Amino acid sequence: MILSCTVNKKPVRLECEPGEALADVLRAAGYKEVKKACGTGNCGLCTILLDEVPVASCSIFAARAEGRAITTIQGLKKEAEELGAYIAAEGAEQCGYCSPGFVLTALAMEREFRAQGMGRFDELAARHYLAGNLCRCSGYQGHMRALKKYWEARNG
Amino acid sequence: MNIATYRRPSNLDEAYDLVVKQGAYPLGGGAWSMSVGRPIASAVDLCDLGLRYIRVEGKNIAVGAMATARDLERSSLLADVFGPLFPEALGGIAGVQVRNIVTAGGSVAGRYGFSELLVVLLALDASLVFYNDGTRPLSEYLGAPRGGAFLLEKILLPLDKKASYQGLRHAATDFPVLSVCACRARAGWRIAVGARPGVAAICPGAGASLGSTGSPGEQMALEAGRIAAGELSFGEDLRAGAEYRRSVCSVLVARAIRRISYDS
Amino acid sequence: MDKSYSVVHRSLAKIDALGLIQGKPAYTDDLAPGDALVVKLLRSPYAFAKIKSIDKSQALAVGGVACILDWKDVPRIPYTRAGQGHPEPSPHDRFILDNYVRYIGDEVAIVAAEDEATAEKAISLIKVEYEILEPLLDFEKAIDNTVVVHPESEIHDMFPIGFEPGRNIAASYKMRIGDVEKELSASDVVLRRSFFTQAQAHVAMEPHAAFASLDIHGRLVIVSSTQNPFHTRRLLAQSLGIPIRDLRVVKPRIGGGFGGKQHIHVEPFVALVALATKRSARIALTRKEVFESTFTRHRMRIDIEAGANRNGVLNVMDVRVLSDTGAYGEHALTVFMVAGSKTLPLYNKMKAVGYGGAVVYTNHLSAGAFRGYGAIQGNFALESMMDEIAHEIHMDPIEFRERNMIREGQTSEVFKIMGEGSEGVEMVIESCKLDRCIARGRELIGWDSKRLSWEVSPGIVRAHGMAIAMQGSGIPLVDMGSATLELQDGGWFKLRVGATDLGTGSDTILAQIAAEALGVGPEDIKVYASDTDHSPFDVGAYASSTTYVSGNAVLKTALAMRKVLVEAVAEKYALKPECVEFDGKNFFGPEGAMLTNLVDLSFDTLYHDRALMKTLSSTASFTGGKAPPPYMAGFAEIEVDLGTGKVKLLRYVAVVDCGTTINPNLARIQVEGGLLQGIGMALFERVVFGDRGKLMTNSLSRYAIPSREDVGEIIVEFAESYEPSGPYGAKSVGEIGIDTPPAAIANAIYNAIGVRLPQTPFTPDVVWKAILEHDPGPTTPKNLRPQTQLPR
């Protein structure tokens, strides 16, 4: 089937099988920033925003995206660069393979936290929100240091 | 996942026809089907039926079959009625990116042993509304053998109950080793236990042992835990053995009961 | 020592950070050509079987199938997949494909097709007739079992490693220092304990991937997510039976390795397809395949007998190890050796030490290199034992360690006797701040020997536990790294290295070292790594070697480059080189006269200086005459739920001596990341096999790794030392972080519940059972009595 949707605000038509994982369809179409590491929804690396909401694109079938708006990290370049600079300042991206999914989820989290009116950075809430974004290199501490500084710089 | 025919009806009648009359496979969130990867000859996507809602309907809260785990977790309506119950019970399911996919209806239809939602719904004595096929209590549905096509429209939750969830996991985002929900209503208590590893079940004896007392004391809670552990069957899987689950059941049941007592 | 650094010892961001964070295509599978054939593997459903026949006819008839290769179609050359020096200390016990399959997931056939679905369809149509054999699944029963995992005659070792395949022994070893029996009988207290460590999966986020093609010269070019391109080139050439010169291996960015990519797993398959079809061929393993068919950590049983005096003197340890290498013997001997060689020297005052045992074959997937590489297994046993002895003689576990541990200026006989596969090298420890690590760690955790556990609420107990550890810095006189610097027009330098950045940031710290030595800014060093056609030789990233071995090579190269620059200027201005000074920007002659600057020099030597024109470059290599160990002390604060047995890690304090931190942030992340892997191994990571050898934990929903919610506070500090043999005083930091959590957490659990857990992981059911079986009554052996009363 042909999947019509937008990717990073651009209308696209992607060839796919309806039951194919959205992650595979996106990678085959050249969106290599969508990484895939588990295929079972456990690691968060393939996270994309579907109508602004983070979803594991390995665990959603492609046909579900019909008519919807997909955002990959490349669609949030400016925001990713800004948060990315804090992560890089900690050296916390390490191998970087989990970074696109992590950064997208963190940006979605920021939006939700702001909407809830969070004032000071709530590290426990952030750890909970991001628990589905696994990283095997960093031990997560550097991520959390970066997020705290980023939050304080923007929302402090 | 290999889907030979994919259809996406826009009204319930059409969906009913495909699922119930023609035997097509209904897709809720689809996450579990994806990860299992079994081929599906004919799939019906329920996402355009307007079933994604959480709202008050008369004396109940109605949860549409396509409401996601994350919808339940974030619902202010559910929070007003049940406090932190839903975020506590569902917040441990993988990550937000999966909770934004998996649906209430999918959990019910899949009858997954690991399902935290089923434990909570069972304790709350939820009812299932099947399109064109009436309303049945969840307990009756789970007690009956699988089979027979149906189109789940919504889940009805009572408004007048308090419940609390206790779960145990190896790792924070892992499946639970055991899930417990204790629910207190005017009529009495309902205790449900899941991830035994079998599907959620009610502990009638444990519930009855608490009578209609609003805040049972420490001894009653412990006793109810012991009864619950004794009246259910437990099994072994990768995460733990039956003996351990039985022991932890008594501890978690007592804690769930205590939690409600303290909170009220 | 000069500590006024301008580029090293600074937390610069990784040079590739922003590109990676934004998801730029940088990893192997991102770069594979779109028209490459997709390679998939048919794998064995049986733990042990002989292939009687393979019928490929139906599969080959599927449109879009390019080729199918089975064991009859590939060279029958025994080789090892272990990325190690030459000759390899691992037995050559593997064929690319064989007519025997030795574990569930072992490769049976290689299928190449136009797309994945076609390849999978073809796989489902291959008919294999197996003669199913009884598998050997219990490693404690492997030696001299009637089941022989490797009956084939062609396999061999490269030098004596105790290889006896007929007895299911991949390697064995024994050594003795002093008179073990005499020291045991002369000790006040003798304890015997057995410890077990489970297999652990690496779970690098990027699954193994490679693609291959033939270049215009007909050479085979392999792009692979590998930790060691040069070893891969050599091993691959040997396994394929082609000259090394006909191969080129390129490493793009790697999505984590941890030892899991220190082997060749997928390269031979794409290579064979490319050779057979003359087309590009790509492979990317699924996570299930990574779990089922790559490697794990070696499970081990470690028996220790130890003797000590009541005054706190540790006299003797006799250690016997049985290690399970699974179906093939990659890293069999060397991991086993490290379990002793990078643990026992911690207590260098023992009068006698024994170490020995065997590494055995079973019909499970292979074990291989994994961060810690034996040291974490050995450390769990040794550091659990140290606490056991301390309790037995009623001494604070820290005091007992401090009385017996190694200190700066000292040595251990073990260094000389035990190497990796052969003898070790003598080494006097010139940098060791273990004492500072312990002192600072106990302060940070709030260690109080009178209060190592306390009840916070009914049934909830908190406790402290600790362990110390050491690792190495490369393998002395085995590992070698090289670097090449070349001045470019515009006054910047190309730095080519064979070192392999796995995501650790090693490209960045190597650039920092070069910049520091040259006196230039880090932006003037552009790193290229790693490509066997373009990089100078380096063994690759493993054994905690990059900072020390490759870093030293870069330092030597940069110092040589300074000399080259100065000589070029001297020649140009007809001066003696000793009269020319270079400050990183400008060159000065006698009496400080400005001669030229780096930018002008770069243009002059390449374009203007007519007969004097030349490329200014330098190359240098380094091999360590020793491997200075980094040290650390780890302290755990845990909370045990006595009702459920659940252990929560509330705090972990790690104080590390890795010499100078070249990049403190990156060093810190190395420790934090290592700790979390060790914590996962301690608390819940577990590789589980079913009755018939099937791996049950074959997905991330069945094998959990720690998430960011699984740990509380992690505090990492450095007790900096200066290692004279290291670049700017640096030692390694890649592995040390993983070693202490199993023992420190086990020691804390003992302090909480009074029971010694001899086997990792400490899942709630295990702890619950220990609590249940614990009898604090008068018949309890003394060494099992908790220091504080078991809270109820």
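Predicted model: local features only at pLDDT ≥ 70, side-chain atom pairs only at ≥ 80, totals over all residues.

Student: How much area do chain A and chain C bury between them?

Tutor: Contact means heavy atoms within 4.5 Å, and by that rule 50 residues of chain A are in contact with 50 residues of chain C. Buried area is the accessible area, taken with a 1.4 Å probe, that two parts lose on being put together, summed over both. Of the area that chain A and chain C bury, 55% is on carbon and sulfur atoms, and the total is about 4,000 Å².

Student: Which element of chain A gives the largest share of the side that touches chain C?

Tutor: Helices here are DSSP runs of H or I with at least four residues, numbered from the N terminus. Between chain A and chain C there are 23 residue pairs in polar contact, both residues being at pLDDT 80 or more; a polar contact is a pair of N or O atoms within 3.5 Å, where within protein one must be able to donate a hydrogen and the other to accept it, and residues adjacent in sequence count only if both atoms are side-chain atoms. The elements of chain A that give two or more residues to this side are helix 2 (77-90), helix 3 (99-115), helix 4 (123-129) and helix 5 (141-155). The largest share, nine residues, comes from helix 2 of chain A.

Student: How many salt bridges are there between chain A and chain C?

Tutor: Side chains of opposite charge can pair when their charged atoms come close. The cut-off used here is a side-chain nitrogen of Lys or Arg within 4 Å of a carboxyl oxygen of Asp or Glu. A:Arg136 and C:Glu685 meet in this way, at 2.7 Å from N to O, and the count between chain A and chain C is six.

Student: Is A:Glu93, which pairs with C:Lys14, buried or exposed?

Tutor: The two side chains form a salt bridge at 3.7 Å, N to O, and the pair crosses between chains, from the segment before helix 1 (17-21) of chain C to the loop between helix 2 and helix 3 of chain A. Both residues also belong to a network of salt bridges that includes C:Asp16 and C:Arg253. Buried means under 20% relative accessible area, exposed over 50% and partly exposed in between, with a 1.4 Å probe and protein chains only. C:Lys14 has 4% and is buried, and A:Glu93, at 2%, is likewise buried.

Student: How many residues of chain B are in contact with chain C?

Tutor: Chain C and chain B bury about 1,600 Å² between them, 60% of it on carbon and sulfur atoms. Their count of salt bridges is one, and B:Arg255 forms a salt bridge with C:Asp641, with the closest N and O atoms 2.6 Å apart. Chain C brings 19 residues to the contact, and the number from chain B is 18.

Student: How far apart in sequence are the parts that B:Arg259 and B:Glu88 tie together?

Tutor: These two residues form a salt bridge whose closest N and O atoms are 3.0 Å apart. B:Arg259 lies in helix 12 of chain B and B:Glu88 in helix 5 (residues 85-90) of chain B, so the pair ties together parts whose separation in sequence is 171 residues.

Conventions
Residues numbered from 1 in each chain as written. Chains lettered and ligands numbered in written order. Heavy atoms only, no water.
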